[in-house]
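This report describes selected features of a structure, taking a helix, a helix pair and a chain contact in turn. Please keep the sequence and the model in view while reading.

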Amino acid sequence: MQSQDWLFIGIFLMIAPIFPIIALLIPYLIAPKKPNPIKDQAYECGMETVGDTWVQFKVQYYIFALAFLIFDVETVFLFPWAVAYGQLPFYAVFEGVLFVVILAAGLVYLWRKDALKWV
Amino acid sequence: MSDPINLIANWLRNLLATWGFSPGLINIVLALLGVLVIAVFVLLLDVFLVWVERKVVARFQDRLGPNRLGPFGLIQPIADVIKLLIKEDITPRGADRIIYNLAPILAFATVITLWAVIPFSHSLIGSDLNVAVLYIVAVGALGTLGIIMAGWASNNKFALIGAFRTVSQVVSYEVPMVISLLIPVILAHSMSIQDIVYSQNIWNILLAPLAALIIFITAIAELGRAPFDLIEAESEIVAGFNIEYTGMKFGLFYAGELLHALTMGALFSSLFLGGWRGPFVDQIPILGVFYLLLKSFLIYWAIMWVKYSMPRIRIDHLLNFGWKFLTPLALVMVLVTAILDKAMENMSTLVYTSGMLAANIIIIWLTVILLRSYAKTERKRVAEPKPVARPDLAARRS
């Protein structure tokens with residue numbers, strides 16, 4: 001039964017892009033195509049665009065992404081604990097609580113370091 | 001058997017077997033048919049959603065909305081689709097063509113894929129994965145990747161800013177969402193959405209109203225809808241990530257967003273509102289589809305209600321709200337739910353439910369007190385005079 005479930009997901013992942021591809025193929029065939037340089041300019045504020053678009057981005061976003069990575073990975077470890085919850089003895093629950101407290105301590109550390117401040 | 005879909009599936013299985021297909025092949029053919037049925041059903045819903053969205057917006061803004069084509073303007077979305085299909089498709093100069101065209105496909109395909117694990121009734125489910133909650137989180141995040149690709153490939157600075165904002169926003173709200181998803185998992189002892197629905201003899205929203213609220217808020221943030229629509233803030237960055245998209249490519253982003261909102265509604269109702277369960281559903285399983293859609297549209301309507309009544313939130317407030325309020329609150333809720341669930345394991349349902357509800361109400365009360373004191377200090381901080389470049393001018397003005 002388990003392999004049947006994943007077979008379904010696999011087929012779904014293959015079929016799902018076909019619908020938007022068809023939706024893009026129809027205008028490709030029937031829509032008018034008359035490009036010219038003025039039409040193809042970037043739509044920005046009332047000036048012609050200056051300089052390269054693909055710049056290096058602000059480090060602030062990078063710090064949020066790092067914090068996210070830590071929290072998400074740690075939370076993934078909590079999911080098996082939550083699934084097995086019915087069979088857990090009390091000390092295992094306590095260990096889970098300890099883990100969450102460590103997670104919270106990480107959050108407090110980030111907070112105190114001003115890593116969560118938008119600049 | 002009063003379950004037409006399973007009846008047809010069994011009939012097809014027997015028919016294919018008599019034609020001499022091997023069991024493995026039969027499984028593949030049936031899975032393929034199931035995928036097509038779910039995907040087409042979802043796409044039809046999506047066309048209907050365009051009408052719902054336009055009509056409800058109009059009502060919120062005291063307008064009539066589409067009412068010319070067909071009864072109540074029901075044919076309007078078809079006219080919209082035809083218009084999008086025959087519109088000229090413009091690709092901006094210097095765009096990264098492959099990623100530019102791939103982005104709307106990815107954004108739309110991932111939303112359809114989410115429906116694979118949502119149960120419609122006790123036998124009607126695409127795939128009863130035992131890790132469905134993680135699957136939802138993973139595939140939902142892929143849709144965000146489509147937005148980032150669109151913003152990056154458009155060769156437009158506004159689109160790029162929109163994409164950057166998406167990163168910080170989704171990354172910040174994913175954390176409280178994943179932590180809050182632990183709570184229904186703890187209550188049901190399973191990650192399969194079907195098991196979570198089965199476990200809700202009492203709806204989870206009574207056992208964990210705060211977790212439901214956190215998931216509702218983070219779902220709106222994941223969708224990028226107002227008040228969290230910084231990624232497409234019209235007044236600042238024109239249209240954000242989809243600024244350079246025209247015709248059907250824009251249409252895919254738009255339809256994908258609407259469908260994602262309904263998907264979040266379906267997910268929320270499966271996790272907290274009992275999913276397909278309702279009166280008489282045991283006798284007539286097909287009623288489950290009706291109940292699920294009813295609950296999903298209710299949540300969808302609530303999301304729209306929030307969208308059209310709230311002003312846009314500023315980005316530093318947005319990130320503070322995610323990291324300094326929702327995340328700690330979600331962590332506290334996990335701890336409280338875990339300990340209470342273990343402590344009241346052997347008690348009666350009434351005691352269990354009222355205990356959980358009371359704990360939630362106490363935490364809501366404490367949170368409101370904390371928020372009040374925070375607001376007081378914040379008001380004081382903001383009102384303080386800021387250092388200025390020309391103190392003499394500032395002194396003269398005041």
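## An enclosed helix in chain B

Helix 11 of chain B is largely enclosed by the rest of the structure, because 24 of its 26 residues are buried. The model is a predicted one, and what follows should be read with that in mind.

The 26 residues of helix 11 of chain B, residues 247-272, should span 38 Å at 1.5 Å a residue, and this agrees with its end C-alpha atoms, which are 38 Å apart. Just after helix 11 of chain B comes B:Gly274, which takes a positive phi of about 80°.

## Packing of helices 13 and 14 in chain B

Helix 13 (residues 315-343) and helix 14 (residues 349-383) of chain B have axes 11 Å apart and pack at an angle of about 155°. Because angles over 145 degrees count as roughly antiparallel, helix 13 of chain B is roughly antiparallel to helix 14 of chain B.

Helix 13 of chain B contributes B:Leu329, B:Val332, B:Val336 and B:Leu340 to the contact, while helix 14 of chain B contributes B:Gly355, B:Met356, B:Ala359, B:Ile363 and B:Thr367. Of the residues in this contact, seven are nonpolar, two are polar and none is charged. The crossing of helix 13 of chain B past helix 14 of chain B is right-handed.

## Where chain A touches chain B

Between the two chains, 56 residues of chain A are in contact with 70 residues of chain B. On the chain A side, the elements giving two or more residues are helix 1 (2-15), helix 2 (18-30), helix 3 (59-83) and helix 4 (90-112) of chain A, and helix 3 of chain A gives the most, with 11 residues. The residues on this side of chain A comprise 43 nonpolar, six polar and seven charged.

Definitions and conventions. Residues are numbered from 1 along each chain as its sequence is written. Chains are lettered from A and ligands numbered from 1 in the order in which they are written. This is a predicted model: local features need pLDDT of at least 70, side-chain atom pairs count only at pLDDT 80 or more; totals for chains, interfaces and linings use all residues. Axes are lines fitted to C-alpha atoms, for helices over the stretch in contact, and angles run from 0 to 180 degrees between N-to-C directions. Helices (H or I, at least four residues) and strands (E, at least two) are DSSP runs, numbered from the N terminus. Angles under 35 degrees count as roughly parallel, over 145 as roughly antiparallel, 65 to 115 as roughly perpendicular and the rest as oblique. A crossing is left-handed if the near helix is turned anticlockwise from the far one by less than a right angle, and right-handed if clockwise. Two residues are in contact if their C-beta atoms, placed from the backbone, lie within 7 Å. Ala, Val, Leu, Ile, Met, Phe, Trp, Tyr, Cys and Pro count as nonpolar, Asp, Glu, Lys and Arg as charged, and the others, Gly among them, as polar. The expected span of a helix is 1.5 Å times one less than its number of residues. A residue is buried if 20 or more other C-beta atoms lie within 10 Å of its own, exposed if 12 or fewer, and partly exposed in between; C-beta atoms are placed from the backbone.
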